[in-house]
Amino acid sequence: MKSHDAVDLEDGKTGKSGDKPMQRKLHNRALLSGLAYCISSCSMILVNKFVLSSYNFNAGIFLMLYQNLVSVIIVVTLSLMGLITTEPLTLRLMKVWFPVNVIFVGMLITSMFSLKYINVAMVTVLKNVTNVITGVGEMYLFNKQHDNRVWAALFLMIISAVSGGITDLSFNAVGYAWQIANCFLTASYSLTLRKTMDTAKQVTQSGNLNEFSMVLLNNTLSLPLGLLLSFSFNEMDYLYQTPLLRLPGFWMVMTLSGLLGLAISFTSMWFLHQTGATTYSLVGSLNKIPLSIAGIVLFNVPTSLQNSASILFGLVAGVVFARAKMREKS
């Protein structure tokens with residue numbers, strides 16, 4: 001449900017004809033929220049890439065663990081101050097949410113591992129495969145039919161991912177394997193989240209589950225599981241030996257990544273309320289273009305004309321898919 005200020009903003013209307021100051025104010029809010037969302041989402045990926053590649057930090061699970069801990073501390077603090085509302089984390093609620101949280105943790109960890117080995121531009125293109133898996137999953141699990149434009153866009157995504165991998169001058173088989181796993185986990189999370197949310201609402205005190213409660217629930221449950229996986233992957237030995245944890249600047253960058261992760265949740269919800277699902281989806285697709293360019297420039301990624309064309313093709317396919325989904329919904 002949209003906020004009162006955003007009721008007809010998708011159509012460029014404020015509900016009061018001739019009220020230009022109010023209309024300008026609403027469009028300024030939409031622009032500001034959209035800018036905040038784009039900056040936070042781009043910055044999060046770039047900072048993670050910086051930590052994992054430029055610092056050569058080999059403990060991606062610990063990085064995820066620390067980011068989630070930062071999110072939990074901030075959300076709990078804001079809740080105690082009365083600035084946001086969160087549901088109490090009861091045992092019944094955590095039992096319902098735990099299976100989807102396992103997928104959530106796997107999604108974050110595989111994302112970290114793939115980002116360490118693959119350049120940012122190729123990660124954004126390969127993530128399009130998630131839409132293909134989700135589309136097929138919706139068809140078989142929920143009998144949801146997609147129109148031809150959606151399938152055409154998904155086909156373009158597959159072509160761009162394959163051609164991008166073939167022409168990738170910094171191709172890394174390990175990174176690509178982690179990214180493929182990430183695509184399947186992300187699609188699984190998307191397909192199971194709605195049903196889990198409906199079940200979870202039945203065991204909450206208010207009968208609802210807002211964005212802040214989901215952030216708190218996901219990040220809190222991820223802490224013990226992340227700690228167990230960190231030990232399993234022998235990260236603790238590495239953490240004990242690495243000099244990076246003795247650098248205050250490194251802790252600042254890691255903390256910034258945690259803040260940006262939480263900022264994505266806040267700004268995406270703000271942007272969605274100020275505009276709507278249509279604008280939100282399209283801006284999310286368009287946002288990958290400056291992110292890919294920034295990833296290539298900032299990290300001096302070796303590229304070729306063929307690979308650049310494949311990346312651009314994949315980004316355009318993402319925008320085509322977003323527009324096709326909009327038409328399908330309408």
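These are my notes on the overall fold and on one helix pair, α5 and α7.

**Ground rules.** I'm working from a predicted model, where local features need pLDDT of at least 70, side-chain atom pairs count only at pLDDT 80 or more, and totals for chains, interfaces and linings use all residues. Numbering starts from 1 along each chain as its sequence is written, and side-chain values use heavy atoms, with hydrogens and water left out.

**Whole chain.** I counted elements and got 13 helices and 0 strands (DSSP runs numbered from the N terminus: H or I of at least four residues for helices, E of at least two for strands). I then checked the radius of gyration: the chain has 20 Å, which agrees with the value near 20 Å for a compact globule of 330 residues (taken over C-alpha atoms; the rule is 2.2 Å times the number of residues to the power 0.38). I put the C-alpha box at roughly 65 × 50 × 45 Å along the principal axes. Buried residues make up 45% of the 330 (buried is under 20% relative accessible area, 1.4 Å probe, protein chains only).

**α5 against α7.** I looked at α5 (residues 128–142) and α7 (residues 173–201), whose axes come within 9 Å and cross at roughly 45° (lines fitted to C-alpha atoms over the stretch in contact, with angles from 0 to 180 degrees between N-to-C directions).

Key
Buried < 20%, exposed > 50% of the residue type's maximum accessible area, 1.4 Å probe, protein only.
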